[in-house]
Amino acid sequence: MAESAEKEKVKWTTTVIISSSLKSCEIATALENRSHKVRYSKSVENGAIIFSCTGVAFLLMDTKECFMSYEEIFLAKIEKFINIHQNSFLVLSAALHGLKEWKLMFRIQQRFLGSNLRILPVHNTVNAVNLMCTVAKITSKPHIDSICYRMTTTKAYIIEQSPVWKTLQKINLSNSFNPNQNVNYKCSFGRILK
C-alpha cells in the first residue's frame, strides 16, 4: 500500500509539442511549471497541443473567437485537426458557458458526430491544463496498464462480494443445468418445451 502511495507522489512529466502561436500564452508557461518538456512547432495547427508519449492532441479555441469568425472557418479548422490526430480533443474556453456557448458546442457535436472528437469545456488556463494533463496521463502506457489492473481487480472483488454470485455458488447452478436432461421447461407463454 505504501509502495502505491509513493508511486502516486511521483510527478508525471512528458514532452509536449505546442503550436508556435501559443508561445506567449499562459498555457505554455503553466505546462512548463508542471515540469513538462515544452517544444514549440510551426508545423502543427495553430492552437494545437500534443502530448507526444500518448498521442493525445488538444485544439484550443476560445468561444469569443468562434462567434467572431464565420462558422465554416472554425469548423474547417476542427475538421483538419481531427483528420490529422486520431485521439483529438477540442478545448473550448469561455469564462462562462451560457446558452450561447452550449449551442455552439451542440453545433460542433452535430457536425462531427461519429468522429473521434471530444469536447472539453473549460473556464480558464488552470482548468484547461488540469484537464489536458489528466487525459494525457491516463492514456499513457504505464498508467493505462495500472488502471486496467485496478479495474480488473475491482471487478473481481465486486463479483466475489455480490449476493447474486454467493447465491449461485450456494445452489451450485452450474451443475444443476444439464441440456441433455429430459426435463420439461415452461416458457413465459405457458407452452411446455422439451
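The paragraphs below take up the ring pairs and then the charges over rings.

The model is predicted, so local features need pLDDT of at least 70 and side-chain atom pairs count only at pLDDT 80 or more, while totals for chains, interfaces and linings use all residues. Residues are numbered from 1 along each chain as its sequence is written, and side-chain values use heavy atoms, with hydrogens and water left out.

The structure holds two aromatic pairs, where rings of Phe, Tyr and Trp (its six-membered ring) pair if their centres lie within 6.5 Å, and where planes under 30 degrees apart count as stacked, over 60 as edge-to-face and the rest as tilted. Phe51 and Phe58 form an edge-to-face pair, with 5.7 Å from centre to centre and 80° between the planes. The rings of Phe58 and Phe89 are stacked, because their centres are 5.2 Å apart and their planes stand at 25°. Phe58 lies in strand 4 (residues 56-62) and Phe89 in strand 5 (residues 87-93), so this pair ties together parts that are 31 residues apart in sequence; strands are DSSP runs (E, at least two residues), numbered from the N terminus.

Phe51 is buried at 0% relative accessibility, Phe58 is buried with a relative accessible area of 0%, and Phe89 is buried with 9%, where buried means under 20% relative accessible area (1.4 Å probe, protein chains only).

Arg118 lies over the face of Phe89, at 4.4 Å from the ring centre, and Lys23 lies over the face of Tyr40, at 5.2 Å from the ring centre. A charge sits over a ring if NZ of Lys or CZ of Arg is within 6 Å of the ring centre and within 35 degrees of the ring normal.

Terms used: Buried means under 20% relative accessible area, exposed over 50%, partly exposed in between (1.4 Å probe, protein chains only). Helices (H or I, at least four residues) and strands (E, at least two) are DSSP runs, numbered from the N terminus.
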